[in-house]
Amino acid sequence: MVPTLLGVVLITFLISHIVPGDAAQLIAGPRATPEIIQRIRQEYGLDKPLHIQFAIYLGQVLRGDLGKSIRTRRPVGADIRAFFPATFELTTTAMLLAVLFGIPLGIISAVYRDRLPDHLSRVFSVIGVSMPIFWLGLLLLFLFYIRLGILPGPGRISGDPPAHITGLYLLDSLLTGSWRALGDAALHLILPSFTLAFAVLARITRMTRSSMLEALAQDYVRTARSKGLMERWVVVRHALRNALIPTLTVIGLSYGELLGGAVATELIFAWPGMTHYVVGSMTSLDFPAVMGVTLVIAIIYITVNLLVDLSYALVDPRIRY
Amino acid sequence: MRWWTREFATRPESEWRRAIRRLWRSRLAVFGVAITGLLVLIAAFAPWIAPYSPTKISLPERLLPPSRQHPFGTDDAGRDILSRVIYGSRVTLRICTLVVGLTLVIGTLLGLISGYLGGWMDELVMRVSDVFLAFPALILAMAIAAALGPSLENAIVAMVAIWWPRYARVTRGQVLAIREIDYVAAAQAAGASQLRIMLRHILPNCISPVVVQATLDLGEVVLTAATLSFIGFGAQPPTPEWGAMVSVGRNYLRNYWWYTTFPGLAILITVMGFNLLGDAVRDILDPRLRRGP
């Protein structure tokens, strides 16, 4: 894992240094004098050879210092701390929705194989994996906000946000007991989290269905049935537990997709999250911010997949670490 | 003709025929083939099918709702959206061919070299691919495309850069298995060069999972390219690219629903066609991997 992380730092560093043209010129703006450009070059260490620049950057990263954003003129770490909770709240809600609906849908599809519920769920999952998230978001926004007016539009909350404790509005309003903010924040979460959940939901349904079909065909399921166990018990206790491992893998891999999908979702719903911030940084070639956020997103993704690997042992007692 | 030559000469044909039969039995697969075929036809005959020019500006006709003259309506510059969607199929197919083609060649060659030669070469290719796979694909593609400067060409470069590791891994896995088979040892004993063994004896036998991976990826390539354009790091307006069209149309969402609806629908249908086609090709070429609907 350490070489991978080192590689991740190297890649983010290299990407930010393939910017065509003079980075110092870009930071200084078109009307800067050569003296100012020279000063910026020194301030950001751009006058040093590339490998020295990388060594300095690596040292900073190891100390937890991600540099200073050119656009917001604040430390990148502070910016990430400010924008991370919004993204975390959105992606976690989306993942919960996807798991809560995806796994039961997959089970139903497998149990009713080749009958109407299965056909419906398969058509739904083919559409789900093919859906451009940004387009779905616009459709939902148009329908539920502009036309029907039953759900709030862009943003995380209409009034004042709850007092800052964790930055997660749902949790903060619960902790401070501001029920109005809780309801409002929850309503604002519906459209973006459903948009984001859609593709992952379809993927989880697909995987649960196929691994359930495999599990239901096993001898131990026949044994369980011949013992006279209730069908529901057989499906949940005997088949599902064995079918969950591939589903867990898909959940882990889908987390990357959620973080990618969050980019378009946050853009459409004016969601003040980390990916919204990074798109702005990329557009203005604010490379310290781009490096910082890309790095943090990669670390989150690696960590989630590590946790998924570890959770195999919880589901399957045969696996021990 | 001796019995075994005859046996081997007829086998591929009957297998192929069986595959086609299996394909026709699956309604979803037929649907996928039909959509893909239609897309190729539309792209090929775009100038003859499209009722108007995709780029001709006509301000008096701006933002007209769907009608008989303009079945999909017009955009903010008075351009016919149907014609732009039709021409957009060309852009999409070009992206698909370039991205999948280039990643296929680069990834397969790296996987072949890495799997056959082993040693430090293998270690290097696999560690580098680990690093690329450690990023969520879209985020890395965005970073590369933004750094190179937003354009369709740079988006294609970015997508190739994030996609090759998949092919390298699939190919390497195959090569590791094939390398141990006797005929490779026989070729080595006969004095064949390493290059010849790799290209003539190993490559042809590991191509089918790579093709499966490529067809399965087509839909994802279309989605990623469209998303990059939507965010502003891919094709730039006025290129008739579907994602870029939805991106501009977003500003007119409140009163002009048709602007975003039709290009988005084109993306959905195209990706669905490719995904169904991918599933079908996988079932035919690699029945061991058969999963899902």
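**Entry 1: the model.** I am working from a predicted model.

**Entry 2: chain A overall.** I looked up the secondary structure of chain A and found 13 helices and zero strands. Along the sequence, chain A reads α-α-α-α-α-α-α-α-α-α-α-α-α. I then took the box around its C-alpha atoms. Along the principal axes, the C-alpha atoms of chain A fill roughly 85 × 50 × 40 Å.

**Entry 3: burial and contacts in chain A.** Chain A has 321 residues, and 41% of them count as buried. Next I checked contacts in chain A between residues at least 6 apart in sequence. Of these, 71% join residues at least 24 apart.

**Entry 4: H2 and H12 of chain B.** I moved to chain B and picked helix H2, residues 27-44, and helix H12, residues 258-285. Their axes lie 7 Å apart, and the packing angle is about 130°. Angles over 145 degrees would count as roughly antiparallel and 65 to 115 as roughly perpendicular, so H2(B) is oblique to H12(B). The crossing of H2(B) past H12(B) is left-handed.

**Entry 5: who meets whom.** I listed the residues in this contact. From H2(B) come B:Leu28, B:Ala29, B:Phe31, B:Gly32, B:Val33, B:Ile35, B:Thr36 and B:Leu39. H12(B) supplies B:Ile269, B:Thr270, B:Met272, B:Gly273, B:Phe274, B:Leu276, B:Leu277, B:Asp279 and B:Ala280. Sorted by class, the contact of H2(B) with H12(B) holds 12 nonpolar, four polar and one charged residues.

How values were computed: Residues are numbered from 1 along each chain as its sequence is written. Chains are lettered from A and ligands numbered from 1 in the order in which they are written. This is a predicted model: local features need pLDDT of at least 70, side-chain atom pairs count only at pLDDT 80 or more; totals for chains, interfaces and linings use all residues. Axes are lines fitted to C-alpha atoms, for helices over the stretch in contact, and angles run from 0 to 180 degrees between N-to-C directions. Helices (H or I, at least four residues) and strands (E, at least two) are DSSP runs, numbered from the N terminus. Angles under 35 degrees count as roughly parallel, over 145 as roughly antiparallel, 65 to 115 as roughly perpendicular and the rest as oblique. A crossing is left-handed if the near helix is turned anticlockwise from the far one by less than a right angle, and right-handed if clockwise. Two residues are in contact if their C-beta atoms, placed from the backbone, lie within 7 Å. Ala, Val, Leu, Ile, Met, Phe, Trp, Tyr, Cys and Pro count as nonpolar, Asp, Glu, Lys and Arg as charged, and the others, Gly among them, as polar. A residue is buried if 20 or more other C-beta atoms lie within 10 Å of its own, exposed if 12 or fewer, and partly exposed in between; C-beta atoms are placed from the backbone.
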